[in-house]
Amino acid sequence: MANYNINTICVQGGYEPKKGEPRVVPIVQSTTFKYETSQQMGDLFDLKESGYFYTRLANPTNDAVANKICQLEGGVAAILTSSGQAANFYAIFNIASAGDHVIASSAIYGGTYNLIAKTMKNMGVETTFVDPDISPEELESKFRPNTKLVFGEVLANPALKILDIEKFAKAAHKHGVPLIVDNTFPTPIFCRPFEWGADIVTHSTTKYMNGFANSVGGAVVDSGNFDWTKYREKFPGLTTPDETYHGTVYTESFGKAAYIVKMTTNLMRDLGSIPSPQNSFYLGVGLETLHLRMERHYENALALAKHLEKHPKVSWVSFSGLENDSQHELAKKYLPKGSCGVISFGVVGGREAAVKFMDSLKLAAIVTHVADARTCVLHPASTTHRQMNDEELLAAGVSPDLIRMSVGIEDVQDIIADVDQALEK
């Protein structure tokens, strides 16, 4: 659907039924697929033929939804995972292993920070975290001979800092490595990172893409733009024979799809973080209204942010749509049509006042979630980011009084009234 606009891709992308086939993507809730001969099955296992033989590696429902996300981002290949955490882990671990080095923005989701800083460190991958506002010169100094990639979030959760994609992409490419960015909050409706130089995009599809908090999932999309063969010594897993698949060289056999094929045949085969077809179906349904929902999320969030900005019991508000926000200039460049529905703010009185405010809300719910149709609220320092110490929290842009509010698509006047009554308690 390359010639269609993004709104049309949301509704009809990824799946083109033939005569007599279901109009809606079918849920292929089967672990296995039948073939007539052992040779046919053997050719699939040897990657000589394409097709389905076991859902842990590939499934028609999962592929249809992955194809839609791939089209939305403007990539060449994509894969769904069972969670956003799995997507980020796979994206990194596909090209970085023990003895390698990664550069990452410090302003990222707490779970991702923990994954990279702790769990992957235990696996032998070392990471240098940098402030997203780092100067190009200082960023250059962080690269090492064993650096394999640069990672960041387009719009940080919950600090809402915007990544200067071009700055990070330029540095990465100068040192022969790809830039991987998590585009969960803006979604391709508000930002398409490949257009700014990013090479690989990840998503927690649990959030806006699904939109209704009914299924956990993730996605990895490859632009096809990074030339792995140009830096073949850095990426032997892609450019040298894989003995587990009879000496297949992914860049030679699969061209621009090499990165995703390797992820499927190696990581998904061995680690198995595949989504259930049922969850992928829910994601596919959610994607059909993504373009409509994102506009309302942003519209409501901007109205609430402007209201809070003037409220005497609110000490500060962070939302790039506000003209005096520190991220506003970057937002005009990378997110000119909107950012998302998430705002951060502090209540006068600090942590205790923040907790009292949250407990007094009636319409908005306190949940460990963000970015669905319903307005919800969270105190990151004591929940999603509680594994971080004070120094790490500060680097991630999370102050002790920070409240993250995910503004839903309800009537904005009801949302504002709920916030006002809670602030008056």
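## Close-up views of a predicted model

**View 1. Asp270, an exposed residue of helix H11.** At 52% relative accessibility, Asp270 counts as exposed in this predicted model, because the cut-off for that word is over 50%. The residue is found in helix H11, which covers residues 258–271. The side chain of Asp270 is joined to that of Arg269 by a polar contact of 2.7 Å. Asp270 also lies 9.4 Å from Arg56, C-alpha to C-alpha, although 214 residues separate the two in sequence.

**View 2. The protein chain as a whole, as a setting for the other views.** The protein chain has 17 helices and 12 strands, and its radius of gyration of 22 Å is close to the 22 Å that the globule rule gives for 425 residues, so the chain is as compact as a globular protein of that length. Along the principal axes, the C-alpha atoms fill a box of roughly 70 × 55 × 35 Å. Of the 425 residues, 56% count as buried, and among contacts between residues at least 6 apart in sequence, 73% join residues at least 24 apart.

**View 3. Helix H17 and the face that its buried residues line.** Helix H17 is made of the 12 residues 412–423 and reaches 17 Å from its first C-alpha to its last, close to the 16 Å expected at 1.5 Å a residue. Its buried residues are Val412, Ile415, Ile416, Asp418, Val419, Ala422 and Leu423. Seen down the axis of H17, these buried residues fall within an arc of 160 degrees, so they line one face of the helix. What do the buried residues of H17 pack against? Their partners are helix H13 (290–309), strand E8 (314–318), strand E9 (342–347), helix H15 (350–360) and strand E12 (402–406). At the N-terminal end, H17 is capped by Asp411, which has a side-chain oxygen 2.9 Å from the backbone nitrogen of Gln413.

**View 4. Ser83, in the loop between strand E1 and helix H4.** Ser83 is found in the loop that runs between strand E1 (77–81) and helix H4 (84–93), and at 18% relative accessibility this serine counts as buried. The side chain of Ser83 reaches the backbone nitrogen of Ala86 at 3.0 Å. When its neighbours within four places in sequence are left aside, Ser83 is in contact with Val216, Gly217 and Gly218.

View 5. A disulfide is a covalent bond between the sulfur atoms of two cysteines. The count of disulfides in this model comes to 0. Cys340 is in no disulfide, since the nearest cysteine sulfur, that of Cys376, is 12 Å away, whereas a disulfide needs two cysteine sulfur atoms within 2.5 Å. Cys340 is buried, with a relative accessible area of 0%, and Cys376 is buried as well, with a relative accessible area of 3%.

View 6. Asn157 and Pro158 are joined by a cis peptide bond, with omega about 5 degrees, and Pro158 is found in the loop between strand E4 (147–153) and helix H7 (165–174). Ala213, in the loop between strand E6 (200–204) and strand E7 (218–222), has a positive phi of about 55 degrees although it is not a glycine. Ala371, in the loop between strand E10 (365–366) and strand E11 (376–378), has a positive phi of about 70 degrees, and Ala371 is not a glycine either. Are these alanines buried or exposed? Ala213 counts as partly exposed, at 41% relative accessibility, whereas Ala371 is buried, with a relative accessible area of 0%.

Technical notes. Residues numbered from 1 in each chain as written. Predicted model: local features only at pLDDT ≥ 70, side-chain atom pairs only at ≥ 80, totals over all residues. Heavy atoms only, no water. Helix = DSSP H or I, 4+ residues; strand = E, 2+ residues; numbered from the N terminus. Expected span 1.5 Å × (residues − 1). Buried < 20%, exposed > 50% of the residue type's maximum accessible area, 1.4 Å probe, protein only. Arc of directions from axis to C-beta. Contact = heavy atoms within 4.5 Å. Polar contact = N/O pair within 3.5 Å; in protein donor to acceptor, adjacent residues only side chain to side chain. Rg over C-alpha atoms; globule rule 2.2 N^0.38 Å.
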